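Please open the structure in a viewer and keep the selection tool at hand.

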Amino acid sequence: MADLIGILGVTHNPLMWSSLRDGVPDDLDKVAANFERFRSLISDMSPDVIVLVASDHFHMLMTSNMPAFMIGKAPMMRAGFPNEARQFGISRSQVAGDPDLAAHLLGGRDLAHGIDFAFSDEPWLDHSFLVPLLMLTPGLDVPVVPIFSNCNAPPIPTATRFAELGSHLRTAISSAAGERRVLLIGSGHLAHELGGPRQFLGDSPDPDFDRRAVAWMADGNLEEAVEQARFARLTLAGNESYQFLNFITCLAASES
């Protein structure tokens, strides 16, 4: 039986990664310290596999075929795209997978009840997966089951659906065969503006949303988080704030 040993939520901002490559700027010292704390925590937990929920940026999921949720179930996966290497210095890599656990999370011969997953035997991970892995497991030495979520191309799944995904992952992990120590990571953002008028203003585009969102997580207030993380409210917080929904999956998975 597998054991869910920990749940983390982290950002995947590629500009953060590029800024931290050659030392720690003063304004990112707390960010670097928190990632160091998480790295130490993961080292102590010694996970056998990471289930990583992240939002592909039109590399694997495109408007020609846009599922709500997709699981990658290859034994070895490509990670990093040429444009990410050029723009952010994110080297292209190889990441090991766990096809058996991925197939179990899918539901086996039948799709998991209530979650209509797509799947890929040839997943390719972009920075939303690779940046957290490089920050938390720099050796890329822990196998990964990637779960791609559509947080970029409306209509996107509701917060309720992301919560249902978290509940499913908790139940499915606990019933997986074999002795695996499983770490669940959500990769996303708080309020975030990309390419809009509130980008690079030196502060969050919506500090009030950020304060509330952190409180939901700290208090374990899933009901309020789901109610407030509606499409219209997330849009007001910033045009890329939808990736906060991956954290709701983690919050739901943390409920016993």
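Two strands are taken to pair if DSSP finds at least two bridges between them. The model on display is a predicted one.

**The sheet**

Begin by selecting strands β3 and β8. Residues 69-72 make up β3 and residues 144-149 make up β8; the two pair in the antiparallel sense over three bridges. Within this pair, Ile 71 has Ile 147 of β8 as its bridge partner.

Now extend the selection to the whole sheet. It is open, with mixed pairing, and its six strands follow the order β1-β9-β2-β8-β3-β6. The edges are held by β1 (3-11) and β6 (118-120); each has a single partner strand, so one side of each is left without a neighbour in the sheet. On average, and with direction ignored, neighbouring strands are turned by 20 degrees against each other.

**Helices on the sheet**

Next, select helix α2, residues 29-45. This helix packs on the sheet, where it touches β1 and β9 (181-188), and its direction makes about 165 degrees with that of β1. Then select helix α4, residues 99-106. Helix α4 lies across β2 (49-54), β3, β6, β8 and β9, and runs at about 155 degrees to β3.

**The nonpolar cores**

In soluble globular proteins, nonpolar side chains tend to be buried together. In this model the largest nonpolar core has 47 residues. To find it, select Val 51, Leu 105, Phe 117, Phe 244, Leu 245 and Ile 248, the residues with the most contacts inside it.

Centre the view on Val 51. Leaving aside residues up to four places away in sequence, Val 51 touches Leu 101, Leu 105, Val 145, Ile 147, Ile 173, Val 182, Leu 183, Leu 184 and Ile 185. Apart from this core lies another, of 36 residues, which includes Val 10, Ala 79, Leu 134 and Met 135.

**Helix α5 and Ser 128**

Select helix α5, residues 127-136. How many of its residues are buried? The helix is mostly covered, with 10 of its 10 residues buried. Among them are His 127, Phe 129, Pro 132 and Leu 136.

Within α5, pick Ser 128. Its relative accessibility is 0%, and a residue counts as buried under 20%, so Ser 128 is buried. Show the side chain of Ser 128 together with that of Asp 126: the two make a polar contact at 2.6 Å. A polar atom of the Ser 128 side chain also lies 3.1 Å from the backbone oxygen of Ser 55. Residues up to four places away in sequence not counted, Ser 128 touches His 12, Ala 54, Ser 55, Asp 56, His 57 and Ser 187.

**An exposed loop residue**

Move to Thr 63, in the loop between β2 and β3. Is Thr 63 buried or exposed? Its relative accessible area is 70%, and the limit for exposed is over 50%, so Thr 63 is exposed.

**The cysteines**

Finally, select Cys 151 and Cys 250. The structure holds zero disulfides. Cys 151 counts as buried at 0% relative accessibility, and Cys 250 counts as buried at 6%.

Key: Residues numbered from 1 in each chain as written. Predicted model: local features only at pLDDT ≥ 70, side-chain atom pairs only at ≥ 80, totals over all residues. Heavy atoms only, no water. Helix = DSSP H or I, 4+ residues; strand = E, 2+ residues; numbered from the N terminus. Axes fitted to C-alpha atoms, helices over the stretch in contact; angles between N-to-C directions. Contact = heavy atoms within 4.5 Å. Core = buried A, V, L, I, M, F, W, Y, C linked by side-chain atoms within 4.5 Å. Buried < 20%, exposed > 50% of the residue type's maximum accessible area, 1.4 Å probe, protein only. Polar contact = N/O pair within 3.5 Å; in protein donor to acceptor, adjacent residues only side chain to side chain. Disulfide = S-S within 2.5 Å.
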